[in-house]
Amino acid sequence: MRFDVITLFPELFAPFLVSGVTRRAYESGLVEVKLWNPRDFAEGNYRRVDDRPFGGGPGMVMLAEPLALCLERIRADRLAASPGGAVSVPTVLFSPTGGALNHAAVEAWSASAGAVLICGRYEGIDQRFINAFVDHEISLGDFVLSGGEIAAMVLLDAVVRLQPGVLNDEGSHQFDSFNPALDGLLDCPHYTRPERWRGQTVPDILLSGNHAHIERWRRDQRLALTQRVRPELVTKARAQGLLGAGDEAFLTDLVENPDQDA
Ligand code: ADE
């Protein structure tokens, strides 16, 4: 799997690629990341990559041509790296006007051959480049970042941790929040040593050694949390037939006794 990242700030990615549980995936080449700066494809002494918007208004717009030359170089580089192989991966632009990123999209990218990730800066990118080259626009949410670099790192991190063997405990992402293969509910709270910390204790049941009870407690915690902060996810799980009789009994009890401790 290979990702090419087009960014005016490639240095932002260096610490990200050498840190944390995903580091080995990058270092071993399981996931290859190549960084490309559109400034290297810009003309003139100033290597200009932006200009004022036609029609007036604040801010600057990224020029189409340096981005197009950069993308074409990436395609040539991919072709040289795997002659006859799949060179044509999708082109993704991170932008607040894109579709929201979610678990299903992350899983799909995780099973793909990779992508070219374009990090916008300034007020945006000349629309003609987007028309000509961009396949997907992705947003992290209803807010505006100063650039797409953090969004690209978010996608990379979420995708890479799903690759087989990346997490220490193989398969531990199966119990992630939002995993539809499980039930799409939020994750339960977690505790570790010491048993008493600043006056707070660990729920007795987690120390009981009774695994059936612990599983039921965790499930109830997940149901209670999801019902409180993301009730639509409970509705979805129910519609998909993913809630059992024990779950429904717990949720009914929760409605009747909303202050109870799950
Ligand atoms: N670039 C600027 N804002 C963004 C957002 N909300 N999501 C992704 N990329 C962005």
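In this predicted model, helix 4 and helix 6 meet through V106, W109 and S110 on the helix 4 side and L155, A158 and V159 on the helix 6 side. By residue class, the contact of helix 4 with helix 6 consists of five nonpolar residues and one polar residue, with no charged residue.

Two packed helices are described by the angle between their axes and the distance between the axes. Helix 4 covers residues 103-110 and helix 6 covers residues 149-160. Their axes come within 9 Å and cross at roughly 70°. An angle of 65 to 115 degrees counts as roughly perpendicular, and therefore helix 4 is roughly perpendicular to helix 6.

At the level of the whole chain, the domain assignment gives domain 1 as 2-160 and domain 2 as 177-256. The C-alpha centres of domain 1 and domain 2 are 38 Å apart.

The next site is T226, a residue of helix 7, which runs over residues 211-229. T226 has a relative accessible area of 0%. Buried means under 20% relative accessible area, so T226 is buried. Apart from neighbours within four places in sequence, the residues in contact with T226 are L185, L186, P231, L233 and V234. For L186 there is also a polar atom pair to describe: a polar atom of the T226 side chain lies 3.0 Å from the backbone nitrogen of L186. The side chain of this buried threonine, T226, thus has a polar atom placed at 3.0 Å from the L186 backbone nitrogen.

Terms used: Residues numbered from 1 in each chain as written. Predicted model: local features only at pLDDT ≥ 70, side-chain atom pairs only at ≥ 80, totals over all residues. Heavy atoms only, no water. Axes fitted to C-alpha atoms, helices over the stretch in contact; angles between N-to-C directions. Helix = DSSP H or I, 4+ residues; strand = E, 2+ residues; numbered from the N terminus. Parallel < 35°, antiparallel > 145°, perpendicular 65-115°, else oblique. Contact = heavy atoms within 4.5 Å. Nonpolar A, V, L, I, M, F, W, Y, C, P; charged D, E, K, R; others polar. Domains from an automatic or database assignment. Buried < 20%, exposed > 50% of the residue type's maximum accessible area, 1.4 Å probe, protein only. Polar contact = N/O pair within 3.5 Å; in protein donor to acceptor, adjacent residues only side chain to side chain.
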